[in-house]
Amino acid sequence: MRALVCREFGPPETLKVEIVADPVAGPGQVLVAIEAACVNFTDVLSTGGRSQLARDFPMIPGVEAAGTVLALGEGTTGFALGDRVLCQLMCGGFAELVAVDSDAVARIPNAMTMDDAAAFYIAAFTTWHALVTRARLTEGESLLVLGAGGGAGLAAVQMGRALGARVVAAASSESKLALARDAGADATLLYARGQLDLAAQKGLALQLLESAASRRRVTIGTINAVRDAAGFDVIYDGVGGSYAEPAIRALAWEGRYLSVGFAAGMPKVALGPLLFKNASLYGIQPSEPELRLPGRTPAALRQLFAWYEQGLLHPIITERYDLAQAGAALRRLLDREAEGRIIVTMR
Ligand SMILES: NC(=O)c1ccc[n+]([C@@H]2O[C@H](COP(=O)([O-])OP(=O)(O)OC[C@H]3O[C@@H](n4cnc5c(N)ncnc54)[C@H](OP(=O)(O)O)[C@@H]3O)[C@@H](O)[C@H]2O)c1
């Protein structure tokens with residue numbers, strides 16, 4: 001089969017399409033003929049040597065894909081040849097075939113296109129884990145999404161709306177904000193690109209606070225000023241870097257800050273705003289198989305697919321590349337140019 005192969009850590013240009021041996025479905029596995037795979041930021045991290053997860057070389061990147069079931073391994077149940085499925089992978093998505101444990105595979109609704117299926121689960125499930133399981137975002141609360149024009153960011157905008165929150169989308173370009181508005185954001189905020197110095201961070205914190213809806217007055221105790229201040233109930237941050245601290249300063253009383261990723265670098269933040277606002281910080285790491293694999297999360301998957309069918313949660317795909325050009329697709333994310341989701345097609 002053809003596959004994109006990473007033989008050593010390096011920029012996307014070092015990835016090459018090679019002919020490699022076809023994988024075979026082992027016991028409990030499913031062999032999937034991949035039609036489309038999604039480019040995730042983690043592909044940039046893993047091929048660039050910045051991932052915390054260990055990888056062996058040669059490695060085929062790609063952590064989510066969709067296609068049809070071509071063969072079943074010994075003892076595999078629950079699937080039939082020809083089933084249309086999505087898969088969540090540790091690697092192997094940028095290839096024509098993948099052999100994967102059956103609990104990492106889920107049948108997709110008839111209405112779901114293969115491209116949407118390839119780009120659906122990681123953003124949707126990570127965001128479910130963040131907003132529903134961890135932050136318990138409820139109707140009427142306010143949600144700030146940083147990096148709102150990216151793949152996970154747009155899922156957070158859509159899911160925030162589906163859960164009844166007031167959503168403020170923040171991103172580094174007007175076109176990313178336009179996508180977030182189309183996805184349902186109630187308000188948008190443009191921030192600067194690059195490393196923010198202290199003055200820029202303070203300026204951003206103020207802007208964020210101004211964009212948050214003001215809260216009702218509470219008149220008990222000595223912390224009224226803090227309680228009365230504007231701020232976000234929940235902040236979804238897949239950006240990190242020098243954007244994290246301004247965001248944390250924009251939390252509301254009892255706000256929940258969700259550390260989803262570090263596209264702009266690993267942040268080092270002051271904890272003062274958390275203490276003064278009775279606020280919480282959550283790391284978002286659905287890495288346990290019980291938590292992240294589609295075959296082990298049936299209740300969440302039912303809700304996510306229902307939202308898809310209702311048009312409330314769907315990947316916004318802006319670019320498609322052939323497998324031969326997959327490195328160029330990764331380059332778009334590395335250069336911060338990607339908007340919504342980028343798909344690599346094997347068709
Ligand atoms: N915890 C988990 O399990 C989990 C799962 C999925 C994703 N993630 C994380 O969530 C984030 C989003 O992932 P994604 O796949 O949706 O990627 P993506 O579409 O590329 O989104 C990343 C966003 O980060 C922002 N960004 C800021 N500085 C950047 C830089 N130097 N280079 C590239 N982007 C930069 C960009 O928005 P602006 O230009 O608007 O700032 C971009 O839209 C990543 O940090 C990823 O690692 C975590």
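## Ligand contacts and the domain interface

A polar backbone atom of Ala263 lies 3.4 Å from a nitrogen atom of the ligand, a polar contact being a pair of N or O atoms within 3.5 Å; within protein, one must be able to donate a hydrogen and the other to accept it, and residues adjacent in sequence count only if both atoms are side-chain atoms. This is a predicted model, in which local features need pLDDT of at least 70 and side-chain atom pairs count only at pLDDT 80 or more, while totals for chains, interfaces and linings use all residues. Residues are numbered from 1 along each chain as its sequence is written, and side-chain values use heavy atoms, with hydrogens and water left out.

| Residue | Ligand atom | Distance |
|---|---|---|
| Ile284 | nitrogen | 2.7 Å |
| Phe41 | oxygen | 2.9 Å |
| Ala263 | nitrogen | 3.4 Å |

The chain is divided by an automatic or database domain assignment into domain 1 (2–120 + 315–345) and domain 2 (123–287). Their centres, taken over C-alpha atoms, are 30 Å apart. In domain 1, twelve residues are in contact with 21 residues of domain 2, where contact means heavy atoms within 4.5 Å.

Between the two domains, about 1200 Å² is buried, and carbon and sulfur atoms give 48% of this area. Buried area is the accessible area (1.4 Å probe) that two parts lose on being put together, summed over both. Of the area that domain 1 buries against domain 2, Ile316, Arg336 and Glu339 supply 49%, more than any other three residues.
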